[in-house]
Amino acid sequence: MLQTVGLTKDFRGFTAVNSVDLDVAEGTIHALVGPNGAGKTTLFNLLTGFLAPTSGQILLRGTDIAGKQPEQIAHMGVARSFQITSLFEQMTLLEHLELALASPTGLGYRFWSSRKQLGRFKARGMELLEEVGLADRSGVTAGSLAYGQKRALEISLALANDPALLLLDEPTAGMGLEDVDRTIALVKKASKGRTVVFVDHNMHVVGSLADRVTVLQSGEVLAEGTYDQVRNDERVITAYLGDTGGEHG
Ligand SMILES: Nc1ncnc2c1ncn2[C@@H]1O[C@H](COP(=O)(O)OP(=O)(O)OP(=O)(O)O)[C@@H](O)[C@H]1O
C-alpha cells in the first residue's frame, strides 16, 4: 500500500528523516514510534505532502507521490488527522462533516454554500457521526465538546472521504484512560477495509492496535517488527531508556 525508499528530509543541514525505508502492507495497522524528536511528525508531513522530501521516494500503490501537493495526495485516497485539534469551534458537528464531505466535490470548502446544497451530505454526515459515537451531539458546536470527543470528531472527518490509507498523528495524545480505550476501539473499527498508519507514544495503544511497528530514532529506522518483537529489542530498550521524555508509558 505504502512504501518509502531512502526517504530523507533535511532542514538546513539538520536531517530530521534520514533514508527511511518503510513498508506498509495493505489492510494492516502500522505504528510509528520513537522518542521525542525521532522524526515521526516530519515523516507524516512527508507522506501527506505537507513537506517535500529532500530525496527518496514515497510509493502509494506503486505510484511515486513524493513532492505532490496535500490535496493531490488526498484525492489519491490518503487522509490524515492532526496532533493538534483543528476544528472550527463555532460550527456544529454535522456542519463539520458536511463541509468535509463537500470538499472533494465542486462545492469545495465554500462557507457560503447554501444550507440546501450542503444538506445533501446530511445523511452520510450523520452516519459518520454515528460511527464515532457522536450522533447525539450532531447539532452542538465543536467548541462545546470534551477533548476526547473533539479527537473522535477529527477521526470522523478523516474518514469522511473514505480514504484507503488513514494516517493518525497521536490519536490518543492528552487523553484519559477511558477515552484512550474508546479511541482504540474506534480506530479498530475504522481500520476495516483500509490501511492505517499511526503515531502514538502510548505503548498500550500501540500493543492493542498495531500489526507492525516501526521504531524511529534520530530520523532513522531503529527496528521494525511486531509489537512483541520490537519491545524486546535491545536497541529499542536502550533508545527508550536513554530518552528522558518520560511520556512513553
Ligand atoms: N521545520 C523544521 N525546521 C527545522 N527543524 C525541524 C523542523 N521540523 C522538525 N524539525 C526537527 O526535526 C526533528 C524531528 O522532529 P519531529 O517533530 O518530526 O519529531 P517527532 O518524532 O514527531 O517528535 P514528537 O514525538 O516530539 O512529536 C526534531 O529535532 C525537530 O526539532
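**Close-up views of a predicted model**

**View 1. Pairing of strands β1 and β4.** Over five bridges, strand β1 (residues 2-11) pairs with strand β4 (residues 55-60) in the antiparallel sense; helices (H or I, at least four residues) and strands (E, at least two) are DSSP runs numbered from the N terminus, and two strands pair if DSSP finds at least two bridges between them. Within this pairing, L2 stands opposite L60 in β4, and V5 stands opposite Q57 in β4. The model is a predicted one, in which local features need pLDDT of at least 70 and side-chain atom pairs count only at pLDDT 80 or more, whereas totals for chains, interfaces and linings use all residues. Residues are numbered from 1 along each chain as its sequence is written.

View 2. Four strands, in the order β2-β1-β4-β5, form an open sheet with antiparallel pairing. Its edge strands, each of which pairs on one side only, are β2 (14-24) and β5 (63-64). Helix α1 (residues 40-47) packs on the sheet and touches β1, β2 and β4, while its direction makes about 65 degrees with that of β2; axes are lines fitted to C-alpha atoms, for helices over the stretch in contact, and angles run from 0 to 180 degrees between N-to-C directions. Two residues are in contact if their C-beta atoms, placed from the backbone, lie within 7 Å.

**View 3. The hairpin of β1 and β2.** Strands β1 and β2 run antiparallel and are joined by seven bridges, with L7 standing opposite V20 in β2. The two strands form a hairpin with two residues between them, and R12 in the turn has a positive phi of about 40 degrees.

**View 4. The shell around the ligand.** Surrounding the ligand are F11, F14, A16, G34, N36, G37, A38, G39, K40, T41 and T42, where a residue is near a molecule if its C-beta atom, placed from the backbone, lies within 6 Å of it. Two or more residues of this shell are given by each of β2 and α1, and the largest share, three residues, comes from α1. By class, the shell has four nonpolar, six polar and one charged residues, with Ala, Val, Leu, Ile, Met, Phe, Trp, Tyr, Cys and Pro counted as nonpolar, Asp, Glu, Lys and Arg as charged, and the others, Gly among them, as polar.

**View 5. Packing of helices α6 and α7.** Helix α6 (residues 147-159) and helix α7 (residues 177-190) pack with their axes 10 Å apart and at an angle of about 10 degrees. The two helices, α6 and α7, are therefore roughly parallel to each other, given that angles under 35 degrees count as roughly parallel, over 145 as roughly antiparallel, 65 to 115 as roughly perpendicular and the rest as oblique. On the α6 side, G148, R151, A152, I155 and L159 meet D179, R182, T183, L186 and A190 in α7, and this contact of α6 with α7 has five nonpolar, two polar and three charged residues by class.

**View 6. The hairpin of β9 and β10.** Strand β9 (residues 212-217) pairs with strand β10 (residues 220-225) over five bridges in the antiparallel sense, and V215 stands opposite A223 in β10. Between the two strands of this hairpin lie two residues, and S218 in the turn has a positive phi of about 45 degrees.
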